[in-house]
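Please open the structure in your viewer and keep the sequence panel at hand.

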Amino acid sequence: MRGRDARRHPRVAVVGPFSGPRAAWGELLSSAVDAVRRAPVAWEFFDDQGDAEQGRVRADEIVTDGGFAAVVGHFNSLGAGHALPVYREHRLPVLLPLATAPGLLDGSGGLALRLCSDDAGQAAAVVAACREQGHERLEVVHDGSGYGLRLAGLLREAAEPELSVGVHSSWSAASGTAVALCGVHHGAASLLRSRTPRERGRWIVATDDCDIPEFAELAGAAVEGVRVARLAGGPAARVVAACAALAGALGKHPERRGERLVETVRGELACALDARGEPVDSSPGAGWEVVPVAVPPTTRGSYDVAVVGAGVVGRATAAELAERGRSVALLDGGGDAASTVSGALVRAFEADPAERARAIRSFQLLWGREERAAAHGFRRTGALVLFGPGGRAAAVEGVADLVAGGLAAEVLDIDDVTRRWPLIDGGGLEGAVWEPGGGYAVAAVALAAMADRARRAGAHIVHGTAVRTLADDSGSAVVVDGHLRVAAAVLAAGCGTPQLLGEHWPAGHTARTKRIQYAIFERPSGMRGDPFPALVDLTTGMWARPDGLDAVLAGFPVEEWNVPPAADTGLTSAQIDALRERAGPRLPFLTGAKALTSVRGRDLYVSPAPLLGSVPGLPRTVVAAGWSGSGFKAAPAAAETAAELADRACRAQGRNGSGSHGQADTVSDEEGKVGKRAEGSEALPAS
């Protein structure tokens, strides 16, 4: 974003390898900026080619310009090491999503924040994985690069004296030993191709620069069976988290700079950072995982399953199916999916028993799993659902279900609520359901993490594919847009779902698009340090959650139906005043609070309940749509059920998957009633 927009908006320098042999890593930065493109921030790209000296040159250019509020990058740790003193001298904040050299923040003066664990943790994770495999010797092979040599030294240090270690610059490891392959991804791929003979069953792990699709492409058949050490949750979500944190901070406070901006950015991050700006890790190897190398899918004219729609439900479903061994095309039509502008509140309590069961299952799969949830941008603030007179019996029943599902929950009297959260007015309320494990997700980060999971499992993400037709081809396949033939399809297209189903829309259900809108308000200065939960008021429909350290995001139902596709516009002053008036009785501070930013979009509302099941007349098509603003909390469980139904449709046509999840004919017992309700050939509501 340059020219006129750059003059209006705060500018952020984005530094990375956009050309040269490491350009594939630069694509993560481009994609991350695209994920937060709605923010009023001017992103300007600087190409350091992954070279340390070029990193210093780019840093000099950035500070000489004098107009930047912050920097995202560098990816190259040596380049970051050269650049950080330059930025520190000019009091310019820096976010480092993937620079992993130990000690990188020494002397940074609190102006740099690192969103990843360092390479000492990577070495510890590799050694631990080696020992878990029963190996007593580790051969370290490096590509001669500074990165490879540094990691080789850290691996030797981490392994001794528990393991016997050898370090080599060529493939000379003794037969049967474990091998750690250290180097930039193209150098490591060359080393991997050079080994002879290629022994079956050799335990080989490549270091984190190889956690990118191009590594597998360069290594070819030699990559079979190789593992890779990577940042937990994947690199893409961390880069998006860095851009989203800056977008959130500068979108609300475009004037902030230096230490004040750093403190604001800290409040936007889901991960905890210590005083130096390093991630708070509890043990050696924390923040890293050792997993099989992801082999990029082969582009093909036919897939087992097409997932139509790349919102939160679609991405989670594509990942589930690919992990079952299905070849999957995730069709991303682009545009403004409701998921991208969602407030993304996450809780398990729902008044409807079926939706409550689904939300509980989603906590079991994702939101209740600490490290995995954090990698999806989840912030555990606790969640309150406020109820009025006569609501206690349903609350008690719901809390019993949550506790039975392994989740902490309790019913609070309204006096307890207002004492603990003084920003809430309890007028007309009887009490609340309190879930300490609830909270909200940063939508862009969660979507990036789900896309990463789908890609790693082999799903092919097709961008810019706006699906317009879906048909059953004489009972043998589903045909998408007249040319893509698949054994089954999952329709998770949000607002586009009714049009795609057309005459096959299930009888007894109505669907309308509805306006969703919210604004982010400053919290009272005397209460900025006080805790504030994710909040839903059943008596009025208003909802809210914290947004960073000093703001609250609040929304209120708008009776505006059949909304056109346009989304992602801000509210007018009159609309913000109306929101204050409607939400103010529950959150009185809103009536005088400054509105920092706002969002106006749309979502699909299905009555009497969301749809999750096979479609009448299209038995190989599964529909998963209509969560009416609650998609994030339902997505993991909804995806599990949708994937199971699509998988069955494939097996009915003789296509057997090969994934690790198995191919049982029934939904797992752990899924319980949620999955079993989705069985059958008719489109079923989620209830």
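The model is predicted: local features need pLDDT of at least 70 and side-chain atom pairs count only at pLDDT 80 or more, while totals for chains, interfaces and linings use all residues. Residues are numbered from 1 along each chain as its sequence is written, and side-chain values use heavy atoms, with hydrogens and water left out.

**Cavities**

Select Leu-84, Tyr-87, Arg-88, Leu-92, Val-94, Ser-108, Leu-111 and Ala-112, which line the largest cavity. A cavity is a set of points, on a 1 Å grid over the protein atoms alone, where a 1.4 Å probe fits but cannot get out; lining residues have an atom within 4 Å of a point. The volume of the largest cavity is about 40 Å³, a volume being the space filled by probe spheres set on the points, which are joined across faces, edges and corners. Helix H4 (residues 77-89) gives the most to this lining, with three residues. Helices (H or I, at least four residues) and strands (E, at least two) are DSSP runs, numbered from the N terminus.

Next, select Trp-421, Pro-422, Leu-423, Arg-523, Asp-530, Pro-531 and Phe-532, the lining of the second largest cavity. Its volume is about 30 Å³. The whole structure has two cavities of 30 Å³ or more.

**Helix H16**

Select residues 443-456, helix H16, which has 14 residues and spans 20 Å from its first C-alpha to its last, close to the 20 Å expected at 1.5 Å a residue. The expected span is 1.5 Å times one less than the number of residues. In H16, 13 of the 14 residues are buried; buried means under 20% relative accessible area, exposed over 50%, and partly exposed in between (1.4 Å probe, protein chains only). After H16 comes Gly-458, with a positive phi near 110 degrees.

Move to Ser-362 in helix H12 (residues 353-367). Ser-362 is classed as buried because its relative accessibility is 0%. Beyond neighbours within four places in sequence, the contacts of Ser-362 (heavy atoms within 4.5 Å) include Lys-633, Ala-634 and Pro-636.

**Thr-510 and Pro-608**

Select Thr-510, in strand S24 (residues 510-522). Thr-510 is partly exposed, at 48% relative accessibility. Its C-alpha is 7.5 Å from that of Pro-608, 98 residues away in sequence. Pro-608 lies in the loop between strand S28 (595-607) and strand S29 (611-615), and the peptide bond from Ser-607 to Pro-608 is cis, with omega near 10 degrees. Ser-607 is among the residues in contact with Thr-510.

**Further backbone features**

Most residues other than glycine have a negative phi, and most peptide bonds are trans. Select Glu-160 and Pro-161, which are joined by a cis peptide bond with omega about 0 degrees. Arg-91 has a positive phi of about 55 degrees and is partly exposed, at 37%. Ala-344 also has a positive phi, near 55 degrees, but is buried, at 3%.

**Cysteines**

Finally, how many disulfides (pairs of cysteine sulfur atoms within 2.5 Å) does the whole structure hold? The search finds zero. For Cys-116, the nearest cysteine sulfur is that of Cys-271, 9.5 Å away. Cys-116 is buried, with a relative accessible area of 0%.

Methods:
A disulfide is a pair of cysteine sulfur atoms within 2.5 Å. On a 1 Å grid over the protein atoms alone, a cavity is a set of points where a 1.4 Å probe fits but cannot get out, and a pocket is an open set with protein on both sides within 12 Å along at least five of seven lines; lining residues have an atom within 4 Å of a point.
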